[in-house]
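Q: I'm new to this one. Can you walk me through some of the packing?
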Amino acid sequence: MSYDKELAAAKKAATLAAHLCQKVQKALLQSDVHSKSDKSPVTVANYGSQALVSLTLERELPSQQFSLVAEEDSGDLREESGQDTLRRITDLVNDTIANEGPHSFSILTIDDVLKAIDSGKSEGGSIGRHWVLDPIDGTKGFVRGDQYAIALALLDEGKVVLGVLACPNLPLATIGHNEQHSSSNEVGCLFFAKVGDGTYLQALDGSTQTKVNVSAVDNPEEASFFESYEAAHSSHDLSSTIAEKLGVKAPPVRIDSQAKYGALSRGDGAIYLNFPHKISVRTLYFSLTLLFYFDFSMLE
Ligand SMILES: Nc1ncnc2c1ncn2[C@@H]1O[C@H](COP(=O)(O)OS(=O)(=O)O)[C@@H](OP(=O)(O)O)[C@H]1O
Ligand SMILES: [Mg+2]
């Protein structure tokens, strides 16, 4: 099974969702202090991102049975109090599609958008194919104007067969302490991986793809290490103690969201330290996800 069509559809879907999120984040950062404390932009971007991914996948893969496991459902938007937000989301989805050139959809109604969001209600499972989406990972980074990601994967018979990670604010040039300053300050990365095929990076604006590899550094003294930006998500004290014991000399590179995994998959850093304050099923699951990312970058 090649999954080429599925990968192309996933890249298109994540790119459109990233463009929608960029618009919302730009408006949020230009707004005044009062509006910055308002949580609705991230809500709008989450729903809008999910709607666009769902619509794009269904449209690009019409002959396939569609199952999407995603974070949001339209319950709150169907309430009286959700009507304004729903209109904002519908406008944003339509604007984003209209800007993407000649192959655009016809104008979507509020009902089309609600239906697209609710397509994400699948339960998934180990039989058949299921798309899995986090429409915005790293909401804290998104609100702060920093890193966030749109994370989309396809499972086939219970196995992850492809993954796409859009990181709208991640520099195209490498980040990390050992890097020289780059002349390019362009941001917006699209990482993608298909089982058996390694991991690739391309600019969100669609430039040529390059194959990426994890860092070859094996001496901790020369390694750069990554950790969460938020100390509440991972203990900075513990990672600093461990980094010191390992002999790591560079200070930590702190960034939000799974954008870290993109940066690590292209070798920007050699180590990722993550020490949640409480171990839960969720954190255990994250560690398994991490194994998946690195397996992909190491597969030929
Ligand atoms: N599926 C999966 N795999 C691996 N890692 C994942 C996954 N989903 C969420 N995360 C990471 O969990 C951290 C907390 O995410 P949250 O969504 O709860 O928080 S927040 O919205 O960013 O505030 C946040 O990481 P940090 O930013 O490093 O704290 C997310 O990137
Ligand atoms: Mg999310």
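This is a predicted model: local features need pLDDT of at least 70, side-chain atom pairs count only at pLDDT 80 or more; totals for chains, interfaces and linings use all residues.

Q: Is the crossing of α1 and α4 left-handed or right-handed?
A: The crossing is right-handed.

Q: Which residues meet there?
A: From α1, Leu16, His19, Leu20, Lys23 and Val24. They meet Leu92, Val93, Asp95 and Thr96 in α4. By class, this contact of α1 with α4 has 5 nonpolar, 2 polar and 2 charged residues.

Q: New topic. How many aromatic pairs are in the whole structure?
A: A search finds 3. One of them is Phe142 with Tyr148: the ring centres are 4.9 Å apart and the planes are at 90°, so the pair is edge-to-face.

Q: Is Phe142 buried or exposed?
A: Phe142 is buried, at a relative accessible area of 0%. Tyr148 also counts as buried, with 0% relative accessibility.

Q: And what about Tyr261 and Tyr272?
A: Their ring centres lie 5.3 Å apart with planes at 70°, so this pair is edge-to-face. The pair links distant parts of the chain, 11 residues apart. Tyr261 is in helix α8 (residues 259-265), and Tyr272 is in strand β10 (residues 271-272).

Q: Are those two buried or exposed?
A: Tyr261 is buried at 7% relative accessibility. Tyr272 is buried too, with a relative accessible area of 16%. The cut-off for buried is under 20%.

How values were computed
Residues are numbered from 1 along each chain as its sequence is written. Chains are lettered from A and ligands numbered from 1 in the order in which they are written. Side-chain values use heavy atoms; hydrogens and water are left out. A crossing is left-handed if the near helix is turned anticlockwise from the far one by less than a right angle, and right-handed if clockwise. Helices (H or I, at least four residues) and strands (E, at least two) are DSSP runs, numbered from the N terminus. Contact means heavy atoms within 4.5 Å. Ala, Val, Leu, Ile, Met, Phe, Trp, Tyr, Cys and Pro count as nonpolar, Asp, Glu, Lys and Arg as charged, and the others, Gly among them, as polar. Rings of Phe, Tyr and Trp (its six-membered ring) pair if their centres lie within 6.5 Å; planes under 30 degrees apart count as stacked, over 60 as edge-to-face and the rest as tilted. Buried means under 20% relative accessible area, exposed over 50%, partly exposed in between (1.4 Å probe, protein chains only).
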